[in-house]
Amino acid sequence: MKRLFLALALFITPLAAQSYPQFIGHGYPSCMNCHYNPMGNGPLTDYGRAVGADGIASGALYPKSWSEEKIASLSGFLFRTPVQRHVRAQANYRGMEMISSVGTPSEKWSWIHMQAGGQLILKFLENDRLTFVGEIGYNPSSNSAKASGQDKRKVRTREHYVGYRINPEIGVYAGLMDKAYGIRIAEHIAYSRILPETTQNDQTHGVMIHGLFNGWEGAIHGFMGNLLQARDLRQVGASTQIERQIFNDHRVGLSLMSSKNDYVRLLSYSTHARLSLSEGSAILIEAGQTERISLGSRGDRIGRYALLQTYTRPIRGLYCLTNIEYLKSDLSNAATTIRWGPGFQFFPVQKLELRTDLYQTRTFNPNASTQDGWTILFQTNVWL
Amino acid sequence: MHKNWITAFLICFPLLSHAEGTIQIAVKLTPAGSFVAKSDRLKGDLSRTGAELTSQKLSVALDSFKTGMTLRDEHFCKHLGCETQPKAVLSGLKASGGKGTGSLELNGIKRDISFSYEEKDQAILARFELNSADFKMPHAKYLGVEVNDVVNVEVRLPAPKK
């Protein structure tokens with residue numbers, strides 16, 4: 001069990017997101033204003049970059065003579081204002097100092113390069129209705145992948161797709177993308193992302209239709225698995241995520257996903273809420289279940305998860321967060337895991353995020369005794 | 001003579017409220033999203049005669065609106081024309097039975113408006129819709145995100161005593 005904690009802690013890391021679902025607290029319930037992918041994640045639009053510079057990052061470190069307009073004008077790639085409208089680029093690096101098994105003889109400090117990559121965006125037609133988005137970057141291997149000799153690729157693409165907005169309400173996107181499911185929180189090994197298999201390397205080729213009508217927003221996503229994977233491993237299926245805006249500022253939603261490969265069939269369903277507390281503060285809640293049916297062998301199980309994240313913004317640039325997660329990986333098993341802890345997310349200037357998290361993981365099991373796992377993370381995220 | 005004026009003022013004072021209220025303007029964005037601009041610097045007079053509420057002048061400084069982002073505050077102020085007319089002024093307000101009218105001057109343009117209101121918890125809460133195009137404001141757009149021309153305004157003022 002301790003190994004499991006370590007393995008989990010190793011990947012408690014946000015990835016490639018500078019704009020997060022909790023920014024509903026800034027009046028942005030949809031990801032679409034700030035991301036090219038309307039369901040979030042991936043490169044930021046010009047507007048998203050400006051919001052990051054002026055609304056999210058602290059203004060305290062800028063010279064007093066700089067206006068907000070000047071700060072926004074530096075939000076483009078390499079701190080420049082784009083001089084043409086068709087090509088955009090972005091580069092990211094995210095690294096983390098992880099202290100695992102805190103306070104025990106086996107305490108370990110290690111620096112992990114989580115992401116180093118670049119994105120290229122081509123956009124055409126009025127209001128950028130036609131977009132091409134591509135991403136390629138360094139592929140960190142998990143300990144288990146290293147041990148098994150799998151996943152030797154040092155370079156990986158997690159996104160490449162073409163998007164076309166038929167009108168402001170409806171868009172069609174085709175290519176390699178994250179699956180439309182649940183709240184796309186940054187912590188890619190949150191239980192709410194592990195169980196339905198929507199983690200950092202679970203992107204899939206497919207076609208997604210996205211819609212936005214009168215307080216409703218959602219997507220239907222048909223997918224055929226990641227075509228760069230071996231055919232027998234590809235998860236083929238469909239998913240949907242639908243949200244309804246309530247009381248002006250909040251969102252509630254449902255997700256459903258069904259997929260299978262040669263070895264396993266997955267059925268996941270969840271409900272979630274994103275509540276704006278205004279002034280940048282927010283609460284995210286998700287609860288769901290995944291039915292995992294092994295094809296050709298025994299080992300069927302139903303896992304259940306829940307997530308509660310709170311974000312409060314005492315001052316511009318700083319977010320204080322609490323993360324509480326629940327996991328029952330097999331309903332027929334008595335073991336239940338709770339992971340929780342506080343964190344701080346700080347954007348001292350635009351294009352720079354510093355984050356620290358403390359996690360305690362405890363498993364409640366009447367049949368076994370396990371030690372609590374304590375992990376501290378210090379993350380640095382830079383994007384240009 | 002002075003005593004008469006003082007006496008009249010003292011009698012009328014409870015019926016007259018020197019209002020300091022709040023305004024919230026709900027703004028919708030396209031393709032998605034919204035924000036609320038808030039100001040607590042609404043100033044003016046509000047008085048009650050029988051069932052009727054009247055005000056000669058209510059005004060708010062346009063640079064007092066806060067939207068949660070400094071740059072958006074600046075854009076909001078400029079869009080409302082604060083560089084040429086720093087205040088929005090509502091004059092000739094008359095209201096009774098939950099409905100009212102007045103004349104709003106904004107961006108150098110004067111337009112009659114109508115609103116609905118309710119009295120609750122010792123406050124007057126008025127709501128109305130404004131179309132920025134009526135006040136000759138250009139359609140607002142910033143880096144691909146557009147602002148809907150029609151906004152919802154909510155005004156809260158202390159209720160004058162009955």
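Select B:Leu143 to begin. This residue sits in the loop between S8 and S9 of chain B. Helices (H or I, at least four residues) and strands (E, at least two) are DSSP runs, numbered from the N terminus. Check the backbone: B:Leu143 has a positive phi of about 50°, although it is not a glycine. Most residues other than glycine have a negative phi.

A word on the model. It is predicted: local features need pLDDT of at least 70, side-chain atom pairs count only at pLDDT 80 or more, and totals for chains, interfaces and linings use all residues. Residues are numbered from 1 along each chain as its sequence is written, while chains are lettered from A and ligands numbered from 1 in the order in which they are written.

**Chain B as a whole**

Now select chain B. Two helices and ten strands make up its list of elements. From the N terminus on, they run α-β-β-β-α-β-β-β-β-β-β-β. Of the 162 residues in chain B, 28% are buried.

**Helix H2 of chain B**

Select residues 70–79 of chain B, which are helix H2. Which of its residues are buried? They are B:Leu71, B:Arg72 and B:Phe76. Look down the axis of H2(B): these buried residues fall within an arc of 135°, so they line one face of the helix. The arc is that of the directions from the helix axis to the C-beta atoms. The buried residues pack against helix H2 (46–56) and helix H3 (68–73) of chain A, together with strand S2 (34–49) of chain B. Step just past H2(B) to B:Gly81, which takes a positive phi of about 85°.

**Where the chains meet**

Show both chains. 23 residues of chain A are in contact with 16 residues of chain B. Two residues are in contact if their C-beta atoms, placed from the backbone, lie within 7 Å. On the side of chain A that touches chain B, H2 and H3 of chain A are the elements that give two or more residues. The largest share, five residues, comes from H2(A). The residues on this side divide into eight nonpolar, eight polar and seven charged. Here Ala, Val, Leu, Ile, Met, Phe, Trp, Tyr, Cys and Pro count as nonpolar, Asp, Glu, Lys and Arg as charged, and the others, Gly among them, as polar.

**Helix H2 of chain A**

Select H2(A). Eleven of its eleven residues are buried. Among them are A:Asp46, A:Arg49 and A:Ile56. The buried residues pack against H3 of chain A, together with H2, strand S8 (141–142) and strand S9 (145–147) of chain B.

Zoom in on A:Gly55, which lies in this helix. A:Gly55 is buried, with 26 other C-beta atoms within 10 Å. Leaving aside its neighbours within four places in sequence, A:Gly55 is in contact with A:His26 and B:Met69.

Go on to A:Leu78, in the loop between H3 and strand S1 (87–100) of chain A. A:Leu78 also is not a glycine, and it has a positive phi of about 55°. With 9 C-beta neighbours inside 10 Å, A:Leu78 counts as exposed.

Select strand S8 (residues 236–246) of chain A together with S9(A): they pair in the antiparallel sense over eleven bridges. Two strands pair if DSSP finds at least two bridges between them. Pick A:Val236, whose bridge partner in S9(A) is A:Lys260. In the hairpin of these strands, which has three residues between them, A:Phe247 takes a positive phi near 50°.

Ten bridges join S9(A) to S10(A), and the two run antiparallel. Here A:Leu254 has A:Thr271 as its bridge partner in S10(A). S9(A) and S10(A) form a hairpin with three residues between them.

**Last stop: confidence**

Colour chain A by pLDDT, the predictor's confidence in each residue, from 0 to 100. Chain A averages 88, and 92% of the residues score at least 70. Finish at residues 1–17 of chain A, where pLDDT stays under 50.

Technical notes. Buried ≥ 20, exposed ≤ 12 C-beta atoms within 10 Å, placed from the backbone.
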